[in-house]
Amino acid sequence: MSSWYGSPIVSTDNEMVMSVNSVGAVFQLVYIALFIAYAERGKKMMMLGLLATVLSLIGIIVFLSLSFFDSWTRRIFVGFLSCAALISMFASPLFIINLVIKTKSVEFMPFHLSLSTFLMSSSFFAYGIFNGDPFVYAPNGIGVVLGITQLALYSYYNESSSDEDYTEPLIISFS
């Protein structure tokens, strides 16, 4: 979504948003392709279905935004969808907070993911402020706050988790 928002068809002066997010999308597609190539058949079919669904939704959004909206409305439509996608991406690691607090361990919250999320959202927050684009700085500002929250939790519970070797499976398999 952010790549589409950054394209000159949707918003002007955001080529950097488009190029950075397009490179990220290529990396994600390579990762998904490798996962699908080496996954067992059941997971492979599920991932192919999810990938087809996501690509279909993106195609529908591109079609709708080009067919039914003028340039200003297209920017608002795609901008709000991009904001929602970015905020959900920034907030997704926070679903593990309950487990971190319950176990008093950061075993399931990777530090490098939290740090990279914070650094990436900080840089795009600054870019959005300098570029005057609320669809860039608003979700990334929320990402900065959520990144600080993750890093603070990591800092607080990392000290206590080094004393214990608590290991609880993140996902319990019933197969």
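This is a predicted model: local features need pLDDT of at least 70, side-chain atom pairs count only at pLDDT 80 or more; totals for chains, interfaces and linings use all residues.
Helices are DSSP runs of H or I with at least four residues, strands are runs of E with at least two, and both are numbered from the N terminus.

Figure 1. Residues are numbered from 1 along each chain as its sequence is written, and side-chain values use heavy atoms, with hydrogens and water left out. The protein chain has seven helices and zero strands. It holds 175 residues, and 31% of them count as buried. Buried means under 20% relative accessible area, exposed means over 50%, and partly exposed lies in between (1.4 Å probe, protein chains only). A contact means heavy atoms within 4.5 Å. Take the contacts between residues at least 6 apart in sequence: 66% of these join residues at least 24 apart.

**Figure 2. Helix α2 packs on helix α3**. Two packed helices are described by the angle between their axes and the distance between the axes. Axes are lines fitted to C-alpha atoms, for helices over the stretch in contact, and angles run from 0 to 180 degrees between N-to-C directions. Helix α2 covers residues 15-38; its axis is 9 Å from that of α3, at an angle of about 150°. The two helices are therefore roughly antiparallel. That word applies to angles over 145 degrees; under 35 is roughly parallel, 65 to 115 roughly perpendicular, and the rest oblique. The crossing of α2 and α3 is left-handed. A crossing is left-handed if the near helix is turned anticlockwise from the far one by less than a right angle, and right-handed if clockwise. From α2, Leu 29, Ile 32, Phe 35, Ile 36 and Ala 37 take part; they meet Lys 44, Met 47, Leu 48 and Leu 51 of α3. By class, this contact has eight nonpolar, no polar and one charged residues. Ala, Val, Leu, Ile, Met, Phe, Trp, Tyr, Cys and Pro count as nonpolar, Asp, Glu, Lys and Arg as charged, and the others, Gly among them, as polar.

**Figure 3. Helix α3 crosses helix α4**. Here α3 (residues 41-68) and α4 (residues 71-91) have axes that come within 9 Å and cross at roughly 155°. This pair is therefore roughly antiparallel. The crossing of α3 and α4 is right-handed. Ile 61, Ser 65 and Leu 66 of α3 make the contact with Arg 74, Phe 77, Val 78 and Leu 81 of α4. Five nonpolar, one polar and one charged residues form it.

**Figure 4. The largest nonpolar core has 14 residues**. A nonpolar core is a set of buried Ala, Val, Leu, Ile, Met, Phe, Trp, Tyr and Cys residues joined through side-chain atoms within 4.5 Å. Ile 96, Val 100, Val 106, Met 109, Leu 153 and Tyr 157 touch the most other members. At least two residues come from each of α4, α5 (97-103) and α7 (134-161). Helix α7 gives the most, with four.

**Figure 5. Leu 153 sits in helix α7**. Leu 153 is buried, with a relative accessible area of 13%. Beyond its neighbours within four places in sequence, Leu 153 contacts Ile 97, Ile 101, Val 106, Met 109 and Asn 158. Ser 105 is 48 residues from Leu 153 in sequence, yet 9.6 Å away in space, C-alpha to C-alpha.

**Figure 6. Lys 104 lies in the loop between α5 and α6 (111-131)**. Its phi is near 55°, a positive value in a residue other than glycine. Lys 104 counts as partly exposed, at 47% relative accessibility.
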